Amino acid sequence: EDPAMQSFYSEVAVIKESLSHMQQKLTSLQNSHEESKTTTKAERMKEIRATMDTDITEVGRQAQDVKARLEALDVANEEARSKKGKGPGSSQDRTRTSITNGMRKKLTKILSDFQDLR
């Protein structure tokens, strides 16, 4: 297979792993939020808040990283289109565009869910 596509797929795997980790943190935040509603002890509430703050910061950093990686993929996709036989409409171009847009939508959904939780 084309080395450019192998590089593309390896970058996609890294982004998918980050998105999965962000989804896990979102679930953790939701659980912490639910627990905070029922906690009556101040000490436990402080622990929950600290955990939530850490998760929020981590998700924010990962979102920035994923966004930067997606932008880099967009640049790589543009460069790949300029190669002979791999221009707009080619199967490779459609694959690259479809996968990149799918991950962008997933990032948007996770961030939207995250915003709803706030």
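Predicted model: local features only at pLDDT ≥ 70, side-chain atom pairs only at ≥ 80, totals over all residues.
Helices here are DSSP runs of H or I with at least four residues, numbered from the N terminus. By that rule, alanine 50 has its place in helix α2.

**Helix dimensions**

Helix α2 covers residues 42–81 and helix α1 covers residues 3–38. With 40 residues, α2 reaches 58 Å from its first C-alpha to its last, close to the 58 Å expected at 1.5 Å a residue. Helix α3, residues 91–117, has 27 residues and should span 39 Å at 1.5 Å a residue; its end C-alpha atoms are 39 Å apart, which agrees.

**Helix packing**

Two packed helices are described by the angle between their axes and the distance between the axes.

| Pair | Axis distance | Angle | Crossing |
|---|---|---|---|
| α1 and α2 | within 9 Å | roughly 155 degrees | left-handed |
| α1 and α3 | within 10 Å | roughly 15 degrees | left-handed |
| α2 and α3 | 10 Å | about 160 degrees | left-handed |

The axes of α1 and α2 cross at roughly 155 degrees. That angle makes α1 roughly antiparallel to α2, since angles over 145 degrees count as such. By class, the contact of α1 with α2 has 16 nonpolar, nine polar and eight charged residues.

For α1 and α3 the crossing angle is roughly 15 degrees. This makes α1 roughly parallel to α3, the cut-off being under 35 degrees. The contact of α1 with α3 divides by class into 17 nonpolar, six polar and four charged residues.

Helices α2 and α3 pack at about 160 degrees, and are therefore roughly antiparallel to each other. On the α2 side, the residues that meet α3 include Ile56, Val59, Ala63, Val66, Lys67, Leu70 and Leu73. On the α3 side, those that meet α2 include Asp93, Arg96, Thr100, Met103, Leu107 and Phe114. The class count for the contact of α2 with α3 is twelve nonpolar, three polar and six charged residues.

**Buried residues**

An α-helix has 3.6 residues a turn, so residues three or four places apart point the same way. The buried residues of α2 are Met45, Ile48, Met52, Asp55, Val59, Gln62, Ala63, Val66, Leu70, Leu73, Asn77 and Ala80. They pack against α1 and α3. In α3 the buried residues are Gln92, Asp93, Arg96, Thr100, Met103, Leu107, Ile110 and Phe114. These α3 residues pack against α1 and α2.

**Two residues**

Glutamine 92 lies in helix α3. Its relative accessible area is 13%, so glutamine 92 is buried, the limit for that class being under 20%. Not counting residues up to four places away in sequence, glutamine 92 touches Asp2, Met5 and Lys86.

Alanine 50, in helix α2, has a relative accessible area of 41% and is therefore partly exposed. The C-alpha atoms of alanine 50 and glutamine 115 are separated by 18 Å, with the two residues 65 residues apart along the chain.

Note on methods
Residues numbered from 1 in each chain as written. Heavy atoms only, no water. Axes fitted to C-alpha atoms, helices over the stretch in contact; angles between N-to-C directions. Helix = DSSP H or I, 4+ residues; strand = E, 2+ residues; numbered from the N terminus. Parallel < 35°, antiparallel > 145°, perpendicular 65-115°, else oblique. Left-handed = near helix turned anticlockwise from the far one by under 90°. Nonpolar A, V, L, I, M, F, W, Y, C, P; charged D, E, K, R; others polar. Expected span 1.5 Å × (residues − 1). Buried < 20%, exposed > 50% of the residue type's maximum accessible area, 1.4 Å probe, protein only. Contact = heavy atoms within 4.5 Å.
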